[in-house]
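Subject: Structure handover

Hello,

Here is the structure I promised to pass on. Please open it next to this email; my notes follow below.

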Amino acid sequence: MLIRTKTGLLFLSFLTGSVLFSQAHNVSEGYQKPADPLVVQNLEQWQDLKFGLFMHWGTYSQWGIVESWSLCPEDESWTQRKPEHGKSYDEYVKNYENLQTTFNPVQFNPQKWADAVKKAGMKYVVFTTKHHDGFAMFDTKESDYKITSPKTPFSKNPKADVTREVFNTFRQNGFKIGAYFSKPDWHSDDYWWPYFPPKDRNVNYDPKKYPERWENFKKFTFNQLNEITSNYGKIDILWLDGGWVRPFHTIDPKVEWQRTIRTEQDIDMDKIGTMARKNQPGIIIVDRTVPGKWENYVTPEQAVPEHALPIPWESCITMGDSFSYVPGDRYKTSQKIIETLVKIISRGGNYLMNIAPGPDGDYDAVVYERLKEIAGWMDQNQSAVFATRSVAPYHEGDFYYTRSKDGHTLNVFHLNEKSKYQAPEDLTFMLPEKFNPKSLNILGLSKVHWKKSGNSITVQLPENRKNLKYAAVIQLKQ
């Protein structure tokens, strides 16, 4: 599927299916570089990390369905409800919310996750503290619809506040910490007021007509974000989803999903952002798809820009087909994951890969197999991945380029997406302008023979090239 954004950039999707169509996001026009030097510094550090872990997890994992969206009364492929979960909409919602009373992920062990993803090269984590359904995976005082409620069996577990456990564990393992938070809350009576039936994903009343109710929702949202940024240790990224909750004047009528927003939904991001920065100096704030000072980086979803972007960006892409846990999900091969990572970093972005825990609190076994395979490649090639930046020509044929921040090292990745990777006997590629290499090696191989002719390099690969998996990485120094 091709997505045309308002900047005119073309995005190439890696997936088909319900998740892609539900959440295609535009890259916001008019990016504003942060003025706060601590935020600028944090963004620079974040851009060094390249590879992060995204986790969508909630009570919905028990049904193995798309996260939250089946509650939304829109007739789309990703909002469909299974009859066995409720014959009517009201019955379905009641049964969905009753999942709270059976959620007991006793296999939850964030150290196991941290160990596996750290070896695979991931260096930051973004965890869903609350999705659109409103179920809090943290110990909020604003609602009883939460994992630490006595209604939830897992509340008796010493690790019941899973957000705290995830953040503390990953932080202790050297990760930057990101808190995903949904601005819309479909469980809140101040967002979907029971007086009216919900019509779509948006607030189901006119906030201008009922300002007190909307003010209550703003306070509720502010208070929950204050809890997250005050009570959970150092947080590096506040990742705000649900871009339809936004000032009405920011709507772009050229973007299809934004045309469904018919009412003012200003959540007062200035107040929220100021509070978050007071609690967490230098925190990166990502108010997705809402252009302005609170969208510190942009977030194409299930897609990678075809060209390098001059602003900070991150592609959030699932390891399987779904952001949430689905039994028997089709997980991407390690080669596809490595190829995606190479494309993203060659265009100046970060790769936030989503892995969804199941209802027992653990990943599928195949996830650990993939992570182990990726770890083997990272052990050999990480110097070409982390703390690098894009460099022209970015991508030519099967070759993708990154550089060290000081410009003295050039990394050239060779891919072959048509089949299982097999390194050829020789490789020929172009050099960036004014780059004159003094040394060249292929990571993971013994000494290789190479020659420079004009602006072109030809490398002869030794017999043990057969040991290279997923991609060959040529590293040149000048």
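This is a predicted model: local features need pLDDT of at least 70, side-chain atom pairs count only at pLDDT 80 or more; totals for chains, interfaces and linings use all residues.

Helix α3 covers residues 89–97, and its buried residues are Tyr 92, Val 93 and Tyr 96. Viewed down the axis of α3, these buried residues fall within an arc of 95°, so they line one face of the helix. Asp 90 and Lys 94 are exposed on the other side of α3.

Now the whole protein. The secondary structure comes to nine helices and 18 strands. The radius of gyration is 23 Å, close to the 23 Å that the globule rule gives for 478 residues, so the protein is as compact as a globular protein of that length. Along the principal axes, the C-alpha atoms fill a box of roughly 75 × 45 × 40 Å. Of the 478 residues, 60% count as buried. Take the contacts between residues at least 6 apart in sequence: 69% of them join residues at least 24 apart. The accessible surface is about 19500 Å², and 49% of that belongs to carbon and sulfur atoms. As for charge, there are 60 positive and 57 negative charges, and their mean positions are 5 Å apart.

Next, some backbone points to check. As background, most residues other than glycine have a negative phi, and most peptide bonds are trans.

- Ser 68 has a positive phi of about 65° and is not a glycine. Ser 68 sits in the loop between β3 (51–55) and α3. Its relative accessible area is 0%, so Ser 68 is buried.
- Gln 302, also not a glycine, has a positive phi near 55°. The loop between β7 (284–287) and β8 (303–305) holds Gln 302. Gln 302 is buried, with a relative accessible area of 0%.
- Ala 392 and Pro 393 are joined by a cis peptide bond, with omega about 15°. Pro 393 lies in strand β11, residues 388–396.

Thr 409 is in strand β13, residues 409–414. Is Thr 409 buried or exposed? Its relative accessibility is 12%, under the 20% cut-off, so Thr 409 counts as buried. Beyond its neighbours within four places in sequence, Thr 409 is in contact with Thr 402, Arg 403, Ser 404, Phe 435, Gln 475, Leu 476 and Lys 477. Leu 461 is 52 residues from Thr 409 in sequence, and their C-alpha atoms are 20 Å apart.

Best wishes

Notes: Residues are numbered from 1 along each chain as its sequence is written. Side-chain values use heavy atoms; hydrogens and water are left out. Helices (H or I, at least four residues) and strands (E, at least two) are DSSP runs, numbered from the N terminus. The radius of gyration is taken over C-alpha atoms; the globule rule is 2.2 Å times the number of residues to the power 0.38. Buried means under 20% relative accessible area, exposed over 50%, partly exposed in between (1.4 Å probe, protein chains only). Contact means heavy atoms within 4.5 Å. Accessible areas come from the Shrake-Rupley method with a 1.4 Å probe; for residues, only the protein chains shown count as cover. Lys and Arg count as positive and Asp and Glu as negative; His and the chain ends are not counted. The place of a charge is taken as NZ of Lys, CZ of Arg, CG of Asp or CD of Glu. The arc is that of the directions from the helix axis to the C-beta atoms.
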